[in-house]
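Please view the sequence and the model side by side while reading.

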Amino acid sequence: MATARTPQGATGTGGPKGVRGSGRRFGTNRARGRFRALGRALHLPVTGTARGIRRATHAHGAGESGLGKLIELHGVNGAGDVMITVALASTVFFSVPTDEARGRVALYLAITMAPFTLLAPVVGPLLDRLPHGRRAAMAGAMLARALLALVLSGAVVTGGLELYPAALGVLVASKAYGVVRSAVVPRLLPPAFSLVKANSRVTLGGLLATGIAAPIGAGLQQIGPRWPLYGAFTIFVAGMVLSFRLPPKVDSAKGEDVALLAADERHLHGPHRKSQDKRPGLRTVGPAVTHALGANASIRCLTGFLIFFLAFLLREHPMTGQSAAVSLGIVGVAAGVGNALGTAVGAWLRSRAPEIIIVTVVACVAGAAIVAATFFGAVLVACLAAIAGFAQALAKLSLDALIQRDVPEQVRTSAFARSETLLQMSWVLGGAVGIAMPLIGPLGLAVGAAIVATGWLTTVRGLIRSARQGNAGRARVA
């Protein structure tokens, strides 16, 4: 019986040409599948990381309230600031001999920090008068730093004098962002969220972003001195966009008033004194808050002092077997780890006995500074940096808890803004003392111990008395 054959040139699926066509299509589809798989593999680390960050920042109602967006914005702010810090440190500090570097940093402080100290008290009250434009104010601070980063990118190469006014502008813009951010957090609290927990999340987000951006900035610095500043420009532009993505309610000033930092209502005088039968205007923040602010100011003054003093001390006398950059890196990492740990512990403790926490951590810092000054050594210096970072974070969160507890809601955002201004000024003062100190390790740390001990001795009685009275020290209408 004859078998039917398919002609050799037929194009049916069973013929040779059909097999070849099908094979080509199969091969093409397989190649496309491989490219898609490769694309997914390359894309997964980015998208997976982004989803993980979004889940972490938006957890426990933070996404619905808008706090998650503020956490992400603060992370962007920290990353941009550290890029500029890396560029300026390499230009002003590491690029010249030690004696010349000290003179250049002193000049940098004189030209930038002195005007900044005068402008800082003005920024907070000025922004108090613009409560309806907080998103625009934060976006403006981001845009200003983005443009100034471009100016600095030219100055770090040419060494022009524009470096100093541009750096001053960056400091003022960063200060303005910090003041507005402090006023925004109370507006974005999720249900059953304490202010301490919210601030700890925001702070921790900034610390993590700073830790990630710092090595990236150092890598960009190896390409060229301009590149960290180009990175800062890109980051701050992204921050400007994120500022407008905050919920519109942060621009609302409904029910707010202006806080007056006085110890109690007896210190109110003149136009600030109101009769009891009138609607309350200015209010006092209460003795617990003012004493806690004084203790925090002493720690912030110490951290500013240690940054500048140890920077020059370790450059001149690095740790045994380490370079100056590595020595500074070890101390910086220790301080960062301590700060992150203090933030985590503060979130765990929430609002438990904030006065006692402040008294305890300030005493620990003073004791650590005394030990480090007496038995001066690399390990003790790193331990002091870690303890100071831990204490600064935990004491600041405790101050936030006291403001939330004792300050009326109408003036709470103003109290945050003004307290942050005072803490910034304390840091500047400590930095000025650190740059003026002779490079003698035990002597410098003894001065640091004296700064903290003074803050502790002047506030301990008031804080303990407030802790014993409990809510009896709550602020009253003046």
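The model is predicted, so local features are described only at pLDDT of at least 70 and side-chain atom pairs only at pLDDT 80 or more, while totals for chains, interfaces and linings use all residues. Residues are numbered from 1 along each chain as its sequence is written, and side-chain values use heavy atoms, with hydrogens and water left out.

**Whole chain**

The chain contains 14 helices and 2 strands. These elements are DSSP runs numbered from the N terminus, a helix being H or I over at least four residues and a strand being E over at least two. Of the 478 residues, 47% are buried, where buried means under 20% relative accessible area, exposed over 50%, and partly exposed in between (1.4 Å probe, protein chains only). Contact means heavy atoms within 4.5 Å. Of the contacts between residues at least 6 apart in sequence, 84% link residues at least 24 apart.

**Two helix pairs**

Two packed helices are described by the angle between their axes and the distance between the axes. Axes here are lines fitted to C-alpha atoms, for helices over the stretch in contact, and angles run from 0 to 180 degrees between N-to-C directions.

| Helix pair | Axis distance | Crossing angle |
|---|---|---|
| α7 (residues 195-223) and α10 (residues 324-349) | within 9 Å | roughly 160 degrees |
| α11 (residues 354-374) and α12 (residues 378-406) | within 9 Å | roughly 160 degrees |

Helices α7 and α10 are therefore roughly antiparallel, a term for angles over 145 degrees. The crossing of α7 past α10 is left-handed, meaning that the near helix is turned anticlockwise from the far one by less than a right angle. On the α7 side the contact involves V196, S200, T203, L204 and L207, and on the α10 side N339, A340, T343, G346 and A347. This contact of α7 with α10 has 5 nonpolar, 5 polar and no charged residues. In this scheme Ala, Val, Leu, Ile, Met, Phe, Trp, Tyr, Cys and Pro are nonpolar, Asp, Glu, Lys and Arg are charged, and the others, Gly among them, are polar.

Helices α11 and α12 are likewise roughly antiparallel to each other, and α11 passes α12 in a left-handed crossing. Residues of α11 in the contact include P354, E355, I357 and I358, and those of α12 include L380, L384, I387 and R405. By class, the contact of α11 with α12 divides into 20 nonpolar, 1 polar and 2 charged residues.

**Single residues**

A386 is placed in α12 and is partly exposed, with a relative accessible area of 23%. Apart from residues up to four places away in sequence, A386 touches A334, A335 and G338. A386 and V365 are 21 residues apart along the chain, and their C-alpha atoms are separated by 9.7 Å.

R300 belongs to helix α9 (residues 287-316). What does R300 contact beyond its neighbours within four places in sequence? The partners are Q392, K396, E420, L423, S426 and W427. R300 is buried, at a relative accessible area of 12%.

E316 also lies in α9, but is partly exposed, with a relative accessible area of 38%. E316 and L439 are 123 residues apart in sequence, yet 8.1 Å apart in space from C-alpha to C-alpha.

Conventions:
Parallel < 35°, antiparallel > 145°, perpendicular 65-115°, else oblique.
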